[in-house]
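Visitor: Please show the model to be discussed, and let us then proceed by question and answer.

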Amino acid sequence: MAETIELRQLTTINELQQVQQLEEAVWNMKPIPIHQTLTAVKNGGIMVGAYQGEKLIGFSYGFAGFQNGRTYLCSHMLGIDEGLRGQGIGALLKEAQKQAAIDKGYKVITWTYDPLESVNAFLNLSKLKAICSTYIENCYGDMEDSLNQGLASDRFQVEWWIQSRHVAERNMDDAAAAKRIPYELTAAGQPKLVNVDASLLNEQEAWLIPIPKHFQEIKKDHLELALDWRLKTRRIFQTLFNKGYAAVKVVKTADEPVHYYLVKKRDTLPLESEDQK
């Protein structure tokens, strides 16, 4: 698939009109106005498109951010043609965005995603090696698109330290020593997180936090169970992040209905850039 895709930065009105068309197809909502995206890409923002022939099949969009004296790229949207998802296009777009960001002098890219979406979690943390120590409750308020409606729009805000040793080096994280949060199965055979007293999440070297492999299926057929996952994982992640932990990767399983976040102390991660060593 990768051999048939051309990746390039998008800067013209015609290209941004193509992005609008893909936005509408992906989310079934009004797209971002071109006057906003055009202004953003002229002022530190980055729009990367993935083309198959003349057809735009995916894009990533980010704009310049500034907080507490630090600049970063805020990666706002990533959309892929519905018929071409699951083929690695998202990873290609993120890597192209990463290189464009490095060329512009950025050291960090941030974005948000639903922590219960296991496919996104694996891409963001295990493949790209972003980390997360920020949990935002109901980040975007009530959302009515098909992927988000029905639940609070809680989000992980990840940090991708694109010039760090954490990203550049191959980390051999051993999850075997991590303490595992247990789950059980409902009468319908769906995974359900057990009740956890957040005050008992004491100082372990690392934790394994389960999330469903197929959260959208649970939300569609068992909305109360989906809400249970949302509220219980919210409390666990907020507690651990407040104690200085960060989610660093997703550990996949073959014979369980869940995957696991590996969560470890943030101050053990080599997030500095090579020029900061």
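Guide: This is a predicted model. In H1, the buried residues are Glu15, Leu16, Gln18, Val19, Gln20, Leu22, Glu23 and Trp27.

Visitor: Which elements cover the buried residues of H1?

Guide: The buried positions of H1 include Leu16 and Leu22. Among the elements that cover the buried residues of H1 are strands E1 (6–9), E2 (46–52), E3 (55–67) and E4 (70–80), together with H2.

Visitor: What distance does H1 reach from its first C-alpha to its last?

Guide: H1 spans residues 13–27, which makes 15 residues. At 1.5 Å a residue, 21 Å is expected, and the computed reach is close to that value: 21 Å.

Visitor: Which residue follows H1, and what is its phi?

Guide: The residue after H1 has a positive phi, near 55°. That residue is Asn28.

Visitor: Why do the buried residues of H2 lie on the same side of the helix?

Guide: The buried residues in H2 are Ile34, Thr37, Leu38, Ala40 and Val41. They lie on the same side of H2 because the arc they cover around the axis is only 160°. What covers them includes H1, E2 and E3.

Visitor: Is Thr37 buried or exposed?

Guide: Thr37 belongs to helix H2, residues 34–41. Its relative accessibility is 4%, and the limit for burial is under 20%. Thr37 therefore counts as buried.

Visitor: Which backbone oxygen lies 3.2 Å from a polar atom of the Thr37 side chain?

Guide: Leaving aside neighbours within four places in sequence, Thr37 is in contact with Leu16, Ile32, Met47 and Tyr61. The backbone oxygen at 3.2 Å from a polar atom of its side chain belongs to Ile34.

Visitor: With which side chain does the side chain of Asp81 make a polar contact?

Guide: Asp81 is placed in the loop between E4 and helix H3 (89–104). With a relative accessibility of 18%, Asp81 counts as buried. Not counting residues up to four places away in sequence, Asp81 touches Leu22, Lys55 and Ile57. The polar contact, at 3.5 Å, is with the side chain of Lys55.

Visitor: How many residues has the largest nonpolar core?

Guide: In soluble globular proteins, nonpolar side chains tend to be buried together. Phe156, Ile209, Tyr261 and Val263 have the most contacts inside the largest nonpolar core. Helix H7 (residues 223–242) provides the largest share of this core, seven residues. A second, separate core of 16 residues includes Leu22, Ile32, Met47 and Tyr61, whereas the residue count of the largest core is 69.

Notes. Residues numbered from 1 in each chain as written. Predicted model: local features only at pLDDT ≥ 70, side-chain atom pairs only at ≥ 80, totals over all residues. Heavy atoms only, no water. Helix = DSSP H or I, 4+ residues; strand = E, 2+ residues; numbered from the N terminus. Buried < 20%, exposed > 50% of the residue type's maximum accessible area, 1.4 Å probe, protein only. Polar contact = N/O pair within 3.5 Å; in protein donor to acceptor, adjacent residues only side chain to side chain. Contact = heavy atoms within 4.5 Å. Core = buried A, V, L, I, M, F, W, Y, C linked by side-chain atoms within 4.5 Å. Expected span 1.5 Å × (residues − 1). Arc of directions from axis to C-beta.
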